[in-house]
Amino acid sequence: RPSSPPSASHWLGTDSLGRDIWSRVVYGARISLWTVILVAVIVGPLGLCVGVVAGYLGGVVDGVLMRVTDVFLAFPRLLLALAVAAALGPGLDNAVLGIAATSWPAYARIARAETLLVRNADFIAAVRLKGASTVRILARHVAPLCVPSIVTRLTLDMAGTILIAASLGFLGLGAQPPTPEWGAMVAGGRQFLVDQWWVSTMPGIAIFVVSLGFNLLGDGLRDVLDPRSR
């Protein structure tokens, strides 16, 4: 069945099955944003914990954790996410795990660098002399100082997360039909790209707009949270 072009009744047209693309793009936003939230919830705390522990304890612990981090950083994000998602099987949950497995090392590096700057500070020494445990020092005094940098990096990486999720969906490893995931929608319309361009173009534009929005959000948060810009 041929799809219909954009019109007053179907703002973005319909696909080859007669489904309204506007409705599918709007509903697909829930899938993409949920993916971003899940990835952020996983990689932010994980990278923060690894980086803070490595930076504060140093020595063998730092060496082991950073070498593990280097192993993950040695692979391109998309390639490693593709390998993990393919090994676990197609599906949204497995795609989230694949993306998270490739994203946390950057946050660990940031948290470690921030921790190295403050671990020998006077206020940390004062808290240590008062008898605070290592866990308390890390949780109450070191980790909060790393949070602004982590949050800024998370917002800047959200655009990349959406692109990787769309890439996995395009390859059939993300959310499965009939769920309207943007990458899968682009893949579904690629065979009609010449004469029915709107089927793939409209979800592609949605990916572009949301990615641009997250980049602008990240730039704004960086300016707000960076004390050197005040």
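User: How are helices and strands assigned and numbered here?

Analyst: Helices (H or I, at least four residues) and strands (E, at least two) are DSSP runs, numbered from the N terminus. In this protein chain, the secondary structure comes to 8 helices and 0 strands. Read along the sequence, the pattern is α-α-α-α-α-α-α-α. The model is predicted, with local features needing pLDDT of at least 70 and side-chain atom pairs counting only at pLDDT 80 or more, while totals for chains, interfaces and linings use all residues. Residues are numbered from 1 along each chain as its sequence is written, and side-chain values use heavy atoms, with hydrogens and water left out.

User: What box do the C-alpha atoms of the protein chain fill?

Analyst: Taken along the principal axes, the box is roughly 75 × 40 × 25 Å.

User: How do I read the span of a helix, and what does helix 8 show?

Analyst: The expected span of a helix is 1.5 Å times one less than its number of residues. Helix 8 covers residues 198–225, which is 28 residues. From its first C-alpha to its last it reaches 40 Å, close to the 40 Å expected at 1.5 Å a residue.

User: What do buried and exposed mean?

Analyst: Buried means under 20% relative accessible area, exposed means over 50%, and partly exposed is in between (1.4 Å probe, protein chains only). Of the 230 residues in the protein chain, 42% are buried. Arg 30, in helix 1, counts as exposed because its relative accessibility is 53%. Val 142, in helix 6 (residues 134–170), counts as buried because its relative accessibility is 0%.

User: Which residues of helix 8 are buried, and what covers them?

Analyst: The buried residues of helix 8 include Trp 198, Met 202, Pro 203, Ile 207 and Phe 214. Their cover includes helix 1 (21–57), helix 6 and helix 7 (182–189).

User: What counts as a contact, and which residues does Val 142 touch?

Analyst: Contact means heavy atoms within 4.5 Å. Leaving out residues up to four places away in sequence, Val 142 touches Val 52, Tyr 56, Thr 115, Val 118, Ile 124 and Ile 137. For the protein chain, among contacts between residues at least 6 apart in sequence, 69% join residues at least 24 apart.

User: What is a nonpolar core, and which residues touch the most other members of the largest one?

Analyst: A nonpolar core is a set of buried Ala, Val, Leu, Ile, Met, Phe, Trp, Tyr and Cys residues joined through side-chain atoms within 4.5 Å. The largest has 35 residues, and Val 43, Leu 48, Val 52, Ile 137, Val 142, Ile 150 and Leu 168 touch the most other members. Two or more residues of this core come from each of helix 1, helix 3 (77–88), helix 4 (92–118), helix 5 (122–129) and helix 6. Another core, of 16 residues, lies apart from it and has Val 25, Trp 198, Met 202 and Phe 214 among its members.

User: How is a salt bridge defined, and how many salt bridges are there?

Analyst: A salt bridge is a side-chain nitrogen of Lys or Arg within 4 Å of a carboxyl oxygen of Asp or Glu. By this rule there are 6 salt bridges. One of them joins the side chains of Asp 62 and Arg 112 at 2.8 Å, N to O. Asp 62 lies in helix 2 (residues 59–73) and Arg 112 in helix 4, so the pair ties together parts that are 50 residues apart in sequence. Asp 62 is buried, with a relative accessible area of 13%.

User: Where do Arg 153 and Asp 157 lie?

Analyst: Both lie in helix 6, 4 residues apart, about one turn of the helix. Arg 153 counts as partly exposed at 30% relative accessibility, whereas Asp 157 is buried, with a relative accessible area of 13%.

User: Which residues are linked in a network of salt bridges?

Analyst: Asp 15, Arg 19 and Arg 24 are linked in this way.
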